[in-house]
Structure formats: structure tokens, C-alpha cells
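Please look at the sequence and the model together, and keep both in view while reading.

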Amino acid sequence: MTGYKDYMIILSPPAHINEHVKKFRQSTARLIGDFEGMHGKAHITIKQLPRQKPVWTEPLFAQMEKELSLIEPITLQINGFATFLPTDFTTIYAAIRSTPGMEDWFKRLRKCLSEKKAVPHITIARQIPNELAKKLWPKFKDRPWNIEFEINRLTILQRETYGYDKVWKHYRDITFRGDARLNVLMDKKKVVREVRDVDKNQISLF
């Protein structure tokens with residue numbers, strides 16, 4: 001069966017963040033050996049689309065671009081390291097500081113992509129066996145890392161679903177060109193409309 005592709009939609013931090021993550025992964029490999037994803041670039045995964053027909057999926061990206069481009073760039077802040085709830089494996093990641101503005105931004109982004117809520121993060125070491133994670137996590141647990149970076153575009157990667165070429169390749173970028181001030185104005189207009197709607201439905205007591 002041929003003609004299918006996998007797609008992954010991500011946010012790409014700037015080069016200096018990628019260099020930090022690269023060094024963290026190199027030090028991880030020195031401690032526990034090679035692991036899956038140790039050579040990948042730093043990113044925040046937003047949505048995965050496995051086994052898609054390009055003729056159906058790729059036109060949808062063009063349609064989504066109109067709405068996604070209205071989103072404004074955002075400054076995110078890394079706030080140390082964390083792990084997901086324990087299973088048979090452990091994933092260690094750089095945590096993104098949660099703020100009302102950050103939560104609202106990701107909510108609007110996910111809405112454009114019809115994606116459910118997830119924790120934005122930058123993976124350092126994914127799906128490490130717990131026995132190895134016991135050696136690794138103490139190296140990150142209390143390690144400070146506080147740094148800001150800007151996200152000004154969304155990136156779509158693709159790869160062949162079947163065959164030997166399973167490397168993710170760049171497909172296209174969608175630049176965020178919106179203005180945060182317009183979102184504030186829209187929110188204010190929404191509040192005014194809601195108040196007016198409530199007033200229309202009130203029953204006069206006099």
C-alpha cells in the first residue's frame with residue numbers, strides 16, 4: 001500500500017533553545033546510553049496526523065492557514081523540568097510556564113486545528129525505562145532553567161507512512177501575523193454583546 005503520508009504539526013523554538021536541548025540530550029546519552037529521539041530538534045508538538053492521503057489533507061492546510069495566520073506571535077518561558085505521570089516509562093521534558101495569556105493562546109491555536117487540550121512541552125528524553133529514569137531524573141529534578149523565547153510560526157512536517165524513508169521532512173510553515181491588541185478589542189466587544197443580550201432578557205419589576 002503506497003501513497004500515504006504522516007504529518008506532524010509543531011512549534012519550533014529558536015536556535016539557541018535547540019542548542020540547549022541538544023546539550024541536555026548529549027549529557028543524557030552519556031549517562032544512560034543512546035535513546036529514541038536523541039538527535040531530533042527541539043519542538044512543541046501540537047498535532048499528529050498519521051496515515052493521511054496527501055490529496056485530501058494538504059488542501060486543508062491551505063484552508064487552515066487563513067485562520068492560523070490571524071494568531072499573534074507569542075513569547076513563552078521555560079520553567080525548569082518535569083515528567084508526566086509514571087507508567088512503565090518516563091518522559092522528561094522542559095516545562096512551559098503556564099499563564100492566562102499562554103493558556104488562551106494555545107486554546108485558540110488548538111481550536112483552529114480541532115485538537116484537544118494537551119500540556120505544551122519540549123521533550124528532553126522520551127519513554128525512558130523507569131530503571132534508567134531513576135538515574136536520570138535526579139540530574140534534572142532541581143536543575144534551574146528559566147529562559148524566554150518567541151514563537152512566530154507553526155511548522156508542518158511530513159514523512160512517508162510506508163517504506164524505508166521514515167525521516168520527518170519540512171513541508172511548510174505558517175507565519176503568525178496577528179495583533180494581540182485586536183484580540184483584546186474582540187474580547188471587550190464580546191463582553192458588551194453578552195451584557196446587552198442579558199439586558200434584553202431581563203424582566204422589568206416596575
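## The largest pocket

In this model, which is predicted, the largest pocket is lined by 46 residues, and those that lie nearest its centre are Met 8, Lys 41, His 43, Thr 45 and Trp 168. The volume of this pocket is about 1300 Å³.

The largest share is that of β5, which supplies six residues.

Strands of a sheet pair through backbone hydrogen bonds, and the pairing can be either parallel or antiparallel. Here, four strands form an open sheet in the order β2-β1-β7-β8, and their pairing is antiparallel. Because β2 (44-52) and β8 (169-175) stand at the edges and have a single partner strand each, one side of each is left without a neighbour in the sheet. On average, and with direction ignored, neighbouring strands of this sheet are turned by 20° against each other.

The pairing of β1 (residues 5-11) with β2 is antiparallel and extends over six bridges. Within this pairing, Ile 10 has Thr 45 of β2 as its bridge partner, and Thr 45 is also among the residues nearest the centre of the largest pocket.

## A helix across the sheet

Helix α2 (residues 54-68) lies across β1, β2, β7 (153-160) and β8, and the helix runs at about 25° to β8.

Terms used: Residues are numbered from 1 along each chain as its sequence is written. This is a predicted model: local features need pLDDT of at least 70, side-chain atom pairs count only at pLDDT 80 or more; totals for chains, interfaces and linings use all residues. Side-chain values use heavy atoms; hydrogens and water are left out. Two strands pair if DSSP finds at least two bridges between them. Helices (H or I, at least four residues) and strands (E, at least two) are DSSP runs, numbered from the N terminus. Axes are lines fitted to C-alpha atoms, for helices over the stretch in contact, and angles run from 0 to 180 degrees between N-to-C directions. Contact means heavy atoms within 4.5 Å. On a 1 Å grid over the protein atoms alone, a cavity is a set of points where a 1.4 Å probe fits but cannot get out, and a pocket is an open set with protein on both sides within 12 Å along at least five of seven lines; lining residues have an atom within 4 Å of a point. Grid points are joined across faces, edges and corners, and a volume is the space filled by probe spheres set on the points.
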